[in-house]
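Please keep the sequence and the 3D view open while reading.

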Amino acid sequence: MTKAKAAPRARRQPTEQGSNRRAQILEIAAHLFAAKGYAGTSMRDIGEEAGVLGGSLYHHVKSKDALFAELHNNALDQAGARIEEAIASLDEPWKKLETACITMLEIQLDPQSLTTPLMNDFRMAPEPLRRLLIERRDAFETIFARIIAELGLPPHIDLSIYRNTLLTMLNHTTDWYRPGRLSPADIGRQVAAIMRGGKA
């Protein structure tokens, strides 16, 4: 009697599994970088937290620098997309600026957000990586450059200085902000009003 052939086993999907595992590693790494900073986080820390030992981690990520750059760029991409969506339906330039400021601060001041530490913690990174991160940050800032160009500011105002002043105000709000009297949206409106010369 001929023995019946066993039914073939369902094949796993290694690509999908690998992708899911990598996504887990990225999430863990993002939290570690946010909590401990670039300099304070090692690949060993990430591997131990993710349960991936030895050289297996490098199957999913190329290096610490490449991993941090990817997470940093993803954070900027998400922030940029959120700002662009918020201003998409607006025509009045000053309203665009106010909305962009509000949205930026809602991202920056969200205690659950990983965007702020990933965007701002690159000063301890090696020079080649730091240059790449600054280039990517400069590309993100073109959103504000475009809005500012539409404001019709007086010709004696240097738009680059104006943009850098604005972004410095927004980025350093995390240094002093405490929840309570004003919301991130309230502060965003105040920043926009200051940049408009105190006009509402």
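Helix H4 covers residues 93–108, and at 1.5 Å a residue its 16 residues should span 22 Å, which agrees with the 22 Å that separate its end C-alpha atoms. Helices here are DSSP runs of H or I with at least four residues, strands are runs of E with at least two, and both are numbered from the N terminus; the expected span of a helix is 1.5 Å times one less than its number of residues. This is a predicted model, in which local features need pLDDT of at least 70 and side-chain atom pairs count only at pLDDT 80 or more, while totals for chains, interfaces and linings use all residues. Residues are numbered from 1 along each chain as its sequence is written, and side-chain values use heavy atoms, with hydrogens and water left out.

**Helix H4 and its residues**

Because 14 of the 16 residues of H4 are buried, this helix is largely enclosed by the rest of the structure. Buried means under 20% relative accessible area, exposed means over 50%, and partly exposed lies in between, with a 1.4 Å probe and protein chains only. At the start of H4, a side-chain oxygen of glutamate 92 reaches to within 3.1 Å of the backbone nitrogen of tryptophan 94.

Threonine 99 belongs to H4 and, at 15% relative accessibility, counts as buried. Leaving aside residues up to four places away in sequence, threonine 99 touches Ala86, Ile87 and Leu90, where contact means heavy atoms within 4.5 Å. Glutamate 98, also found in helix H4, counts as buried at 18% relative accessibility. The side chain of glutamate 98 is joined to that of lysine 95 by a polar contact of 2.9 Å, and, with residues up to four places away again not counted, glutamate 98 touches Arg189 and Ala192. A polar contact is a pair of N or O atoms within 3.5 Å; within protein, one must be able to donate a hydrogen and the other to accept it, and residues adjacent in sequence count only if both atoms are side-chain atoms.

**Packing around helix H7**

How do H4 and H7 lie relative to each other? Helix H7 covers residues 142–149, and its axis is 9 Å from that of H4, at an angle of about 155°, so the two helices are roughly antiparallel to each other. The axes of helix H3 (residues 64–87) and H7 come within 10 Å and cross at roughly 25°, which makes H3 roughly parallel to H7. Axes are lines fitted to C-alpha atoms, for helices over the stretch in contact, and angles run from 0 to 180 degrees between N-to-C directions; those under 35 degrees count as roughly parallel, over 145 as roughly antiparallel, 65 to 115 as roughly perpendicular and the rest as oblique. The residues that meet in these two pairings are set out below.

| Helix pair | Residues in the partner helix | Residues in H7 |
|---|---|---|
| H4 and H7 | Pro93, Lys96, Leu97, Ala100, Cys101, Met104 | Phe144, Ile147, Ile148 |
| H3 and H7 | Gly80, Ile83, Glu84, Ile87 | Ile143, Phe144, Arg146, Ile147 |

**Helix H10 and its neighbours**

Helix H10 (residues 184–195) has 12 residues and reaches 17 Å from its first C-alpha to its last, close to the 16 Å expected at 1.5 Å a residue. Its buried residues, among them Ile187, Val191 and Met195, pack against H4, helix H8 (159–171) and helix H9 (173–176). Just after H10, glycine 197 takes a positive phi of about 85°.

Methionine 169 is found in helix H8 and is partly exposed, with a relative accessible area of 26%. Although methionine 169 and valine 191 are 22 residues apart in sequence, their C-alpha atoms are 7.6 Å apart in space. With residues up to four places away in sequence not counted, methionine 169 touches Val191, Ile194 and Met195.

**Helix H6 and the whole chain**

Glutamate 127 lies in helix H6 (residues 127–140) and counts as partly exposed at 38% relative accessibility; its side chain makes a polar contact of 2.3 Å with the side chain of arginine 130. The protein chain as a whole has 10 helices and zero strands, and of its 200 residues 38% count as buried. Among its contacts between residues at least 6 apart in sequence, 68% join residues at least 24 apart.
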